[in-house]
Amino acid sequence: LTQSLTPEDVTSIEDAGELAVLRYESTNADWIAMNYERLADVKLREALCWAFPYEDVRQGVMQGLYEETSGPVTPTTLGYPEDGFIFTFDLEQSQAALDESDFDVSETLEWVSNESSAVSQQVAQLFQSNLAELGITMDIRTMEEGALTDLNYGEAPASERPHFIYWGWWPDYNDAWNEIYPNFHTDSIAPNGSNATYYSNAQVDELLDSIAEGTPGEEYDAAIAEINDILVRQDPAAIFIGALQWYTVMQPNIKGFTPNPIYINTYNVYDMYREG
């Protein structure tokens, strides 16, 4: 079994000790995408980032399957900025940023979850509780997976999209650009790509375009670090949760499995064998 259980199931199987549970790093990053047009105030988005229950999600809901990271790239991906800024849960910081924003707390925010994802709904409820302490109301709505996919990748304008969507991505190859461009470049705004929340920052676009054709390592790393700082701290594009640890559950006598952090849902079957 690969990535098809709840986090509680994974922990229970590990504790039972009858099956082998292999946890391993991936290039899969998860985040809460914020509707850039409906949440246009940068101080509001900063406040929302400070209000998110990061550790409750990483260690509670996800049972340790998330690693704290900065931005949409994982430490296993080339270009990851090791010293990138990372938000923590801090309601005082959140309130201070909210006070600097123009947000009217009488406005109700909306989170849409996949109706089959218990994790998304649990995370939404934790976030909802924190926002309530700031006087912000957030409604949680669920949609069938197919309908939600159509919404995310379709032509609906930002005004018809929710304020928050639970999102995740991993690159086609080991490269930070390939993780960032599809989700945050203006040219990737749906239906042209997977930028489902209309994030658009001219500096991010310019930097991504400047390294698209290949750039020497140090210049590339510097550009990715600058892009990351914009997406995380200067002009928050999302609430970045972290790198998702993948897992595989096998009979203990199955040997030879080697996880692939890029093609993370595949098996090297020709190297695998049953022992005994």
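The paragraphs below walk through a predicted model of one protein chain, from its overall form to a few individual residues.

Residues are numbered from 1 along each chain as its sequence is written, and side-chain values use heavy atoms, with hydrogens and water left out. Because the model is predicted, local features need pLDDT of at least 70 and side-chain atom pairs count only at pLDDT 80 or more, while totals for chains, interfaces and linings use all residues.

The chain folds into 9 helices and 10 strands; these are DSSP runs numbered from the N terminus, with helices (H or I) of at least four residues and strands (E) of at least two. Its radius of gyration is 19 Å, close to the 19 Å that the globule rule gives for 276 residues, so the chain is as compact as a globular protein of that length. Here the radius is taken over C-alpha atoms, and the rule is 2.2 Å times the number of residues to the power 0.38. Along its principal axes, the C-alpha trace spans about 65 × 45 × 35 Å.

Of the 276 residues, 49% count as buried, a word that means under 20% relative accessible area, with exposed meaning over 50% and partly exposed in between (1.4 Å probe, protein chains only). The accessible surface comes to about 12600 Å², and carbon and sulfur atoms hold 47% of it; such areas come from the Shrake-Rupley method with a 1.4 Å probe, and for residues only the protein chains shown count as cover. Contacts (heavy atoms within 4.5 Å) can also be followed along the sequence. Among those between residues at least 6 apart, 74% join residues at least 24 apart.

The inside of the chain comes next. A nonpolar core is a set of buried Ala, Val, Leu, Ile, Met, Phe, Trp, Tyr and Cys residues joined through side-chain atoms within 4.5 Å. The largest has 73 residues, and those with the most contacts inside it are L48, F52, W111, F127, F164, L231 and I239. Helix α9 (residues 217-234) gives the largest share of this core, 7 residues. Another core, of 5 residues, lies apart from it and includes V112, L148, L151 and A156. Beyond its neighbours within four places in sequence, I239 touches W31, I32, M34, L48, C49, F52, Y54 and F127.

Two further residues can be picked out by their surroundings. A33 sits in strand β2 (residues 29-34) and is buried, with a relative accessible area of 7%. Setting aside neighbours within four places, its contacts are H163, F164, I165, W167, T197, A237 and A238. R45, in helix α2 (residues 42-50), is buried at 1% relative accessibility. With neighbours within four places again left out, R45 is in contact with M34, Y36, L39, A40, D235 and P236.

The loop between α7 (176-184) and α8 (202-210) contains P191, which is joined to A190 by a cis peptide bond with omega of about 10 degrees. Y198 has its place in the loop between α7 and α8 as well. Although Y198 is not a glycine, its phi is positive, near 65 degrees, and the residue is buried, with a relative accessible area of 16%. The C-alpha atoms of Y198 and A33 are separated by 9.8 Å, though the two residues are 165 apart along the chain. Q63, in the loop between α3 (54-61) and β3 (66-67), is not a glycine either, and has a positive phi of about 55 degrees. At 27% relative accessibility, Q63 counts as partly exposed.
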